[in-house]
Amino acid sequence: MKSSKSTENFKGTDEYHQYLKQLLSLSQMLNSSLNVEEVLKMAMDQVVDLLRAERGFIMLFNEKGELELKAYKNVDPQAILQFRDISRTIIGTSTKEGKNVLSVNAQSDPRFKDLESVLMSGMRSVMCVPLKVKARVIGVIYLDNRIEEGMFRETHLEMLSAFGNQSAVAIENARLYENLIRSYDERFRLTQELHQQEKIRLASEEANRLKSEFVSIVSHELRSPLTVIKTYTSALHRDVSLGKNVISEEQKLDIYTTIDREVDRLMNLINKLLDVSRIDAGKPMELNLRDCDLKGLLKIILKLQKTSKFYLDSHIIKDNIPEDLPNIVCDQEKLSQILSNLMENALKYSPGGGDINVTVAYDSEWVVFSIRDKGLGIPKEHLGKLFKKYERFEDEDRKTIPGTGLGLYLIKHLVDLHGGKIWVDTEQGKGSEFKFSLPRRTQQ
Ligand code: ADP
């Protein structure tokens, strides 16, 4: 392209139309992506080639109002950044005044010839357009040629300006998009944080609820046996100290049996509390595994149920234990705790009496125990919480039935420790069948 061609003549040429076509495709490219920095780099390459510049770059104002280099071709970025005082350079003039700059030869141009940047880099043909969004300058595009003067004319400046306008719109759109994403991310993060805080608040409320419920249940559970013990021992004491001797031997036997049972209940409760606090502290319970005479153990436990506080004459305990039930290796004390607790629950939650069936079955790998009652049963909606710590259900029927909500939680823990499983089949108003399995180990 020769600098002598007049602008009017040039506008009519095929070359000019070719330029416009390429410019249009560059604009489309800019607007087709929201990653504008990437696209600007590609566009810069093409604009430099298209307008036959030697070098070129695009700078944008950052949030602090400083120009930052965003895309460049054939330019040493350090050399540009070296002109820190941008206001005294050609781009400084263009961005400050918001005007296009065209110089046929910057070295002889009275506006620029004394500028340090011009002297240092020996530029000749120079073209520079500010990037504007609604009259606000957001950056600048600069092209130059240090070898030939008169490379750029008004038509080129118009084309660069058109490209600049398109770039400015694309950059602004990308920034808006980025802000939108950022504010969306921020909102999302805040919502997540709120959810998290809400979860922590609900969990701590639930923990507090359980704690106070637990304290009131345990105090009640401790107080009732103590009250019985206190009443009976006081009566015995009065009888002896006042020399009345009105309590018969038969009554005394009754009193001692009751005191004995209540002391057992207290010790039972304290042991449960100690077990739970040990589990809470992450200290594993140890199994004392040894050969256990299952048949003998079941016989004792079933017999003991008749002395239970919850045993009624209308309770009929039936057992179905195979004659050839083999011994298994287990922790006898813990198995006895599991069976006694399930038996006590069966009696406790059948306040109207009825059959309690105890069945044991076995195969080569497992022994399965079943304790079935015809009592209150458990409502379906509570099944998810069964076997969890402190979970009790207090409907009208069981309001007066004492308990701590620790039994099933500990039973499950003990069955798990043995490598077994526990489950329940229950229907409200019809009764429950608790089953658990233990593996048949051989003595090590
Ligand atoms: P608790 O000391 O309250 O009896 P458990 O952990 O043994 O504690 O039982 C938890 C809850 O499960 C009880 O409050 C009771 O409502 C229900 N439950 C346990 N066993 C039975 C059963 N055999 N029949 C009906 N409900 C039962």
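This is a predicted model: local features need pLDDT of at least 70, side-chain atom pairs count only at pLDDT 80 or more; totals for chains, interfaces and linings use all residues.
**Notebook: chain layout and a run of strands**

I began with contacts (heavy atoms within 4.5 Å): among those in the protein chain between residues at least 6 apart in sequence, 67% join residues at least 24 apart. Numbering runs from 1 along each chain as its sequence is written, and side-chain values use heavy atoms, with hydrogens and water left out.

Next I looked up the elements: the protein chain has eleven helices and twelve strands (DSSP runs numbered from the N terminus, helices being H or I of at least four residues and strands E of at least two). The radius of gyration, taken over C-alpha atoms, is 46 Å, well over the 22 Å from the globule rule for 444 residues, so the chain is more spread out than a compact globule. That rule is 2.2 Å times the number of residues to the power 0.38. Along the principal axes, I get a C-alpha trace of about 135 × 55 × 45 Å.

Then I followed some strands, which pair if DSSP finds at least two bridges between them. Strand 9 (residues 354-362) pairs antiparallel with strand 10 (residues 366-373) over seven bridges, and a hairpin links the two through three residues. Here I found Tyr362 opposite Val367 in strand 10.

What joins strand 10 to strand 12? I found seven bridges, with the strands running antiparallel and strand 12 covering residues 431-439. Ser370 sits opposite Lys435 in strand 12.
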